[in-house]
Amino acid sequence: MPTVSVKRDLLFHALGRTYSDEEFDELCFEFGLELDEITSEKDIISREQGDTKAEGASDVILYKIDVPANRYDLLCLEGLVRGLQVFKEKMEAPRYRRVSPTSGEPQRLVITEETAAVRPHAVAAVLRNITFTQERYDSFIELQEKLHQNVCRKRTLVAIGTHDLDTISGPFTYTAKPPDDIRFTPLNQAQEYTATELMNLYKTDSHLRHYLHIIEDKPVYPVIYDSNGIVLSMPPIINGDHSKISLNTKNVFIECTATDLTKAKIVLDMMVTMFCEYCEEPFTKETLSGDFINRKVGISESTERIAQLLTKMCLRSEVMSDGEQIEVEIPPTRSDVIHACDIMEDAAMAYGFNNIIRTTPRTYTVANQLPLNKLTELLRQDLAAAGFTEALTFALCSQEDIADKLLKNISDTRACHIANPKTAEFQVARTTLLPGLLKTLAANRKMPLPLRLFEISDVVLKDETKDVGAKNNRRLCAVYYNKSPGFEVIHGLMDRVMQLLEVKPGRDEGYHIQADTVTYGAGPASFPTLSLYSSFFPGRCAEIFAHGKSIGRLGVLHPDVISRFELTMPCSALDIDIEPFL
């Protein structure tokens with residue numbers, strides 16, 4: 001959930017009254033928010049950087065409020081105050097409308113076909129006759145940043161540009177050009193740069209360097225010009241310095257370039273409606289019955305009362321002529337309302353969840369644990385009783401963990417790859433639990449020997465027969481790490497597991513192990529023979545069969561595997577599939 005920081009005194013001034021911390025916490029709860037923390041700028045800096053750095057910082061009390069991720073209209077002080085005032089029935093739900101400029105000619109933003117190669121969509125609006133104070137200006141800038149981090153997905157989906165309209169002239173052109181053909185003075189700089197030079201300049205910028213990857217590999221970069229050829233912005237990186245807004249700005253030109261047109265419209269609506277009474281998009285309306293809300297929420301209220309409750313949530317509502325249906329206006333601030341269930345949720349919130357009477361459902365079901373999870377829980381208890389410690393490791397790992405370090409080729413692992421991994425540690429979904437346990441051993445080498453670890457969890461394997469192309473497989477893996485390999489320990493654990501699963505020794509309906517001798521040198525130059533057993537020491541590994549089918553393997557790990565996981569002692573391992581025993 002996004003967190004909005006607002007100055008307490010400024011918030012109370014806007015609300016028209018003072019609350020105690022407890023009273024405001026209760027108000028937030030009623031409105032579906034959470035007062036997360038009461039702090040100050042000085043406390044934050046002191047906690048994060050130390051008391052020395054905090055000297056001279058502001059002591060103004062800040063409220064940090066957790067806002068639902070789909071309520072973009074509550075990401076700034078203006079929207080928060082507006083929502084709370086309507087909720088407390090101190091003001092009516094606002095109606096937004098689009099107006100024409102006094103000249104009669106609206107501004108135009110022309111989109112050229114070149115933008116299709118990099119960032120195809122753009123929408124724009126103008127805020128006229130704005131009076132900025134320092135607090136409003138700061139809130140305006142902060143709202144942009146909040147939207148960039150949330151609905152805009154760090155500018156990948158949408159990038160917002162704001163400009164002083166009185167310093168530029170329309171119509172405006174949104175196009176795309178090769179980076180060396182774009183030249184302008186960027187925001188807060190004193191000289192002109194080409195787009196190529198700017199990309200190099202901002203590679204060391206702590207803020208902007210995180211956005212360079214969005215367009216740096218593209219053959220053309222997006223750019224917006226006014227009618228005189230002045231560059232307004234090079235989205236999604238930086239605005240031009242010529243049109244920057246200030247406290248003296250009276251007319252603000254807002255442009256949103258995007259790869260997702262729907263998100264661009266939402267973002268533009270938020271920017272416009274939070275700071276004026278105008279909106280480019282008209283209202284939408286939805287009709288639903290009072291009975292629907294009563295049944296879904298579990299209350300019994302009149303249609304008129306339900307309409308009042310919805311109006312408290314900034315959803316202006318009226319009872320229709322038939323007395324049963326409610327017509328609900330969805331303002332542009334409420335992009336989260338896409339179904340009647342969203343309206344029903346707001347009605348429940350306005351009614352008060354604590355006021356809904358608990359009732360026994362008219363129908364009942366008997367819950368039952370998923371058989372696979374039940375088996376997993378039973379085995380966990382007994383493996384712990386056998387002296388092994390449970391580990392919980394990441395489901396994602398690097399390609400090296402499941403391939404090179406285990407003396408395998410990545411193409412033989414049936415691994416599902418992450419399309420755009422953010423880190424080398426999380427490139428693929430694990431195909432075996434063994435690397436996670438070995439990395440856990442490496443992180444605990446200072447602990448007294450022997451170390452006994454186990455994990456029962458899912459691995460992910462490619463499977464073309466499944467609709468998603470992959471399947472989960474529940475496996476049990478255990479390792480024994482000591483000065484001696486301890487093959488007998490891991491073998492004994494396997495026998496105990498089979499005893500718990502009520503599988504008797506035997507070749508037909510029981511279980512047995514079959515030794516295997518690994519020969520080396522037949523595989524690629526950097527690998528031994530890439531068989532099922534390539535991770536194990538030759539002559540010290542075996543395949544496990546149960547009910548006539550192979551379910552896994554056990555043995556002493558190969559010294560090369562041990563060293564590649566930065567271990568120094570011998571280690572034996574057990575790895576079996578437990579799904580056949582359901």
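I looked up Glu 502 and found it exposed at 73% relative accessibility; exposed means over 50% relative accessible area, buried under 20%, and partly exposed in between, with a 1.4 Å probe and protein chains only. Glu 502 lies in the loop between helix H15 (487-500) and strand S22 (511-516). I noted that its phi is near 60°, a positive value in a residue other than glycine.

The model is predicted: local features need pLDDT of at least 70, side-chain atom pairs count only at pLDDT 80 or more, and totals for chains, interfaces and linings use all residues. Residues are numbered from 1 along each chain as its sequence is written, and side-chain values use heavy atoms, leaving out hydrogens and water. Helices (H or I, at least four residues) and strands (E, at least two) are DSSP runs, numbered from the N terminus.

Leu 407 is buried, with a relative accessible area of 1%, and sits in the loop between helix H13 (399-402) and strand S19 (428-429).

Next came the peptide bonds. I found a cis bond joining Pro 235 and Pro 236, with omega about 0°; Pro 236 belongs to the loop between strand S11 (231-234) and S12. A cis bond also joins Leu 449 and Pro 450, with omega about -5°.

Finally, I traced an open sheet of five strands, ordered S4-S7-S10-S11-S12 with mixed pairing; two strands pair if DSSP finds at least two bridges between them. Its edge strands are S4 (109-111) and S12 (238-239). S7 (172-177) and S10 (221-225) pair antiparallel over five bridges.
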